[in-house]
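I opened my notebook on a new structure today. Here is what I looked up, in the order I got to it.

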Amino acid sequence: MAMDVVDYEIKGSEMQFVEVELDPGEAAIGEAGSMMYMDSGIEMDTVFGDGSQQQGGFFGKLLGAGKRLITGESLFTTVYTNQGTGKKRVAFAAPYPGKIIPMDLAQLGGSLLCQKDSFLCAARGVSLGIGFQRKLGVGFFGGEGFIMQKLDGDGLAFVHAGGTLLRRDLKAGESLLIDTGCVVAYTPGVDFDIQYVGKIKTALFGGEGIFLARLTGPGTIWLQSLPFSRLASRIFAAAPQTGGGGRGEGSLLPGVAGAGILGGIIGGGDSD
């Protein structure tokens, strides 16, 4: 399927969204639940698979859906097609604080590997596949880096990174050690491997895990300062674990019982 060439504008700072402009007949594909708003005249159609397999028959759709299921995404994607006569806009919002990265696959060699949950939307024709790491060590200890989402085509795709974004161009043989969750995307020429931290004390008490990702050039990598898994673990750790009876940071009333006692004191407590 030929790629649609779309215009776009990324708006916002911490909580961004991308507004995609569609000419008549053009379409964009998005993850389920990512759409923010759209102009009248745009038609939504939920398809089985990734949207690029619509002309591939039932087995093509089944293959595309199966790849998405393995990467932890929904079996379905939504296609937004401009059925009107003029330019129309549809916007897709980031799921948590961070940055939206426009990826021109034509300039990246036609392919990109990214984290399973980082894809936001793309021009129609971009294929969403799966990229397995072939090394045994990565399979056992790679965490988020073992199964990556592979974007193929020559159109625009939009990827979301949590927190602050860093782009790094690696020369041939140049390596960088990274927390596996901080890897957002990289070009296929980059070698992804896992390295043991080397010290038991650091592994047990350092808080950074036992293994780190080792990315070696040549190629380009994109890193995020706040992986969603890290954000979720911090929220879970700070939340009360026993139905409101836990300690609340910065709270004058640690629980419902404390609130009841204070309420009794304020209300007078004794009745005549």
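I count a contact when heavy atoms lie within 4.5 Å. The model is predicted, so to speak a calculated one: local features need pLDDT of at least 70, side-chain atom pairs count only at pLDDT 80 or more, and totals for chains, interfaces and linings use all residues. Residues are numbered from 1 along each chain as its sequence is written, and side-chain values use heavy atoms, leaving out hydrogens and water.

**Entry: Leu112.** I skipped its neighbours within four places in sequence and found Leu112 in contact with, among others, Met103, Leu151, Ala185 and Trp222.

**Entry: the cores.** I take a nonpolar core as buried Ala, Val, Leu, Ile, Met, Phe, Trp, Tyr and Cys residues joined through side-chain atoms within 4.5 Å. Buried is under 20% relative accessible area, exposed over 50%, partly exposed in between (1.4 Å probe, protein chains only). The largest such core has 21 residues, and Leu112 is one of those with the most contacts inside it. Strand 13 (156-162) is one of the strands that each supply at least two residues; strand 13 gives the most, 3 residues. Strands here are DSSP runs of E, at least two residues, numbered from the N terminus.

Key:
Helices (H or I, at least four residues) and strands (E, at least two) are DSSP runs, numbered from the N terminus.
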